[in-house]
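Here is a walk through one protein model, with an eye to its aromatic rings.

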Amino acid sequence: PYYRHGKRTTEPIKFTGSHYDEKTKTKVKTEWIASSESMVPNDEDADIFKVLLQLYIEQGMPENGEVLFTRYEICKRLNKTVDGTYYRQIENALKYIFDTKITSKDAFLHFKEKIFLNTMSEKQFIRLIDNYALRDSASNADGSKEFFQSRLTLGNYIVENLRLYYSTFIDWDFYTSLRYSIAKRLYEYLQKKRGKEKKTRWKERLIPLAERMGMSSKVPRNIK
């Protein structure tokens, strides 16, 4: 998880778990912390980031991680009204995502090297966005709008895993049709859990599941 369900918050997202190491035949404890110099992103910010990932893939996944986009295009893909209000939402989302850094211990797979990263220091961490630059639209003499492309660069670890197709695809039309953000998050997670085997049944404890959903509540009845 790199974003919070509900309101943005200054509180870091912390997640602990484990995975089984086939080489050592042992259970390895994992840790994942998403923190921000300003605010940790929320669900709406994450949807904007997903559109940018779509565009990156459609633009041929350049090695330098660059994505070209317009705020108008993001609005249309998310079925949002094209106006200054949502443009500001996009601007805020980019700021908070850019400010977010992720440290992890045996939780983020460096897919090319087939090892889990240990980035628990302030000097070594995962970024979602390395840099970005927004450009405004302009009116032509005939009153029509000319949309200049903005650009950003995705974090290098994200780019490497995407270029190696280490990702899970979702049905975007179905995803955007879901009314509640928690339903979107659960759908994403279920798609990932299904995996290539397309399994349909497994068990999971409620509190860890809530953490994966980015929920702050620790009370079972509230989570349900």
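**Rings and overall fold**

Phenylalanine 98 is partly exposed, at 26% relative accessible area. Buried means under 20%, exposed over 50% and partly exposed in between, with a 1.4 Å probe and protein chains only. This is a predicted model: local features need pLDDT of at least 70, side-chain atom pairs count only at pLDDT 80 or more, and totals for chains, interfaces and linings use all residues. Residues are numbered from 1 along each chain as its sequence is written, and side-chain values use heavy atoms, without hydrogens or water.

Rings of Phe, Tyr and Trp (its six-membered ring) pair if their centres lie within 6.5 Å; planes under 30 degrees apart are stacked, over 60 edge-to-face, the rest tilted. The count is 7 aromatic pairs. One of them joins phenylalanine 98 and tyrosine 132, edge-to-face, with 5.8 Å centre to centre and 70° between the planes. Phenylalanine 98 lies in helix α3 (residues 84–99) and tyrosine 132 in strand β7 (residues 129–133), so the pair ties together parts 34 residues apart in sequence. Helices (H or I, at least four residues) and strands (E, at least two) are DSSP runs, numbered from the N terminus. Tyrosine 132 is partly exposed too, at 29%.

Charges also meet rings. A charge sits over a ring if NZ of Lys or CZ of Arg is within 6 Å of the ring centre and within 35 degrees of the ring normal. Arginine 127 places its charged end over phenylalanine 98, 4.9 Å from the ring centre.

The protein has 8 helices and 10 strands. Buried residues make up 38% of its 224 residues.
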